Amino acid sequence: MRVVIAEDNALLREGLVLLLTSSGHEVVAVAGSGPEIMPALLQYRPDVAVLDVRMPPAFRDEGLRAALEAREKIPGLPVLVLSQYVEESYAAELLGGGASGVGYLLKDRVGRVDEFLDALERVASGGTALDPEVVTELLTRRRDSPLDSLTPREREVLKLMAEGHDNATIASTLVITERSVSKHIGNVFLKLHLPPSDSGHRRVLAVLAYLNEHRQKGV
């Protein structure tokens, strides 16, 4: 894959370059500040972009803004956003509209090489990858919603779905059969009033869109 990296921390930036190149990917450009991101993305049009949320000069949400702008100018551009802390509003904005090919990970996840590379490849192929801590925030901050009707097991399945895992991985993680996973997913859709789909990716996007929509309404 051809990758553009935007990260102001030189040590982490070089670490990402080394990690990706040693894994067989090509880093076509790196950006150390917010204003450098869009020109690099427009010039190289990578297979995936890895962007830090907060970049110079203001260290606010330059990376996130660049991600949103890039996806408008380069439709379908896969973007994996990295953040130092769980910032629910950033995750919700990135996922707004049920966009595909997006990911939001905490920087600590980069140190778990296999997990990070798996998330990157999932995003590049049009899937989603949400940090488990972000998913937990999205689920636990909700009150008086259909989520309250989910059983503990259904919430576990929903959490793993939102992280981007397929049925086989969910079954292995929870030590249950894939048939049981399918049944739980069916119950989740029924209780959240979401139509079932044959695509695991679309199921995840539907759930995330639902969570995002109601979070913005203050439910």
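A residue is taken as buried when its relative accessible area is under 20%. In this predicted model, Asp52 has a relative accessibility of 3% and therefore counts as buried. Lys107, with a relative accessible area of 15%, is likewise under the cut-off and so is buried. The side chains of these two residues form a salt bridge, with an N to O distance of 2.8 Å. Asp52 belongs to strand 3, whereas Lys107 is located in the loop between strand 5 and helix 5; the pair therefore ties together parts that are 55 residues apart in sequence.

Glu7 and Lys107 are both buried. Together, Glu7, Asp52 and Lys107 make up a network of salt bridges.

The whole structure contains 9 salt bridges. Among them is the pair Glu69 and Lys73, whose closest N and O atoms are 2.8 Å apart. These two residues are 4 residues apart in helix 3, so about one helical turn separates Glu69 from Lys73. Glu69 is partly exposed, with a relative accessible area of 31%, and Lys73 is partly exposed at 47%.

The C-alpha atoms of Glu137 and Glu87 are 9.0 Å apart, while the two residues are separated by 50 positions in sequence.

Backbone geometry was also examined. Most peptide bonds are trans, and most residues other than glycine have a negative phi. Pro56 and Pro57 are joined by a cis peptide bond with an omega of about 15°. Pro57 is situated in the loop between strand 3 (48-52) and helix 3 (62-73), and Phe59 is placed in the loop between strand 3 and helix 3. Phe59 is a residue other than glycine with a positive phi, near 55°; its relative accessible area of 42% makes Phe59 partly exposed.

A positive phi of about 55° is also found at Val175, which is not a glycine. Val175 lies in the loop that connects helix 8 (167-174) with helix 9 (178-191). With a relative accessibility of 72%, Val175 counts as exposed.

Technical notes. Residues are numbered from 1 along each chain as its sequence is written. This is a predicted model: local features need pLDDT of at least 70, side-chain atom pairs count only at pLDDT 80 or more; totals for chains, interfaces and linings use all residues. Side-chain values use heavy atoms; hydrogens and water are left out. Buried means under 20% relative accessible area, exposed over 50%, partly exposed in between (1.4 Å probe, protein chains only). A salt bridge is a side-chain nitrogen of Lys or Arg within 4 Å of a carboxyl oxygen of Asp or Glu.
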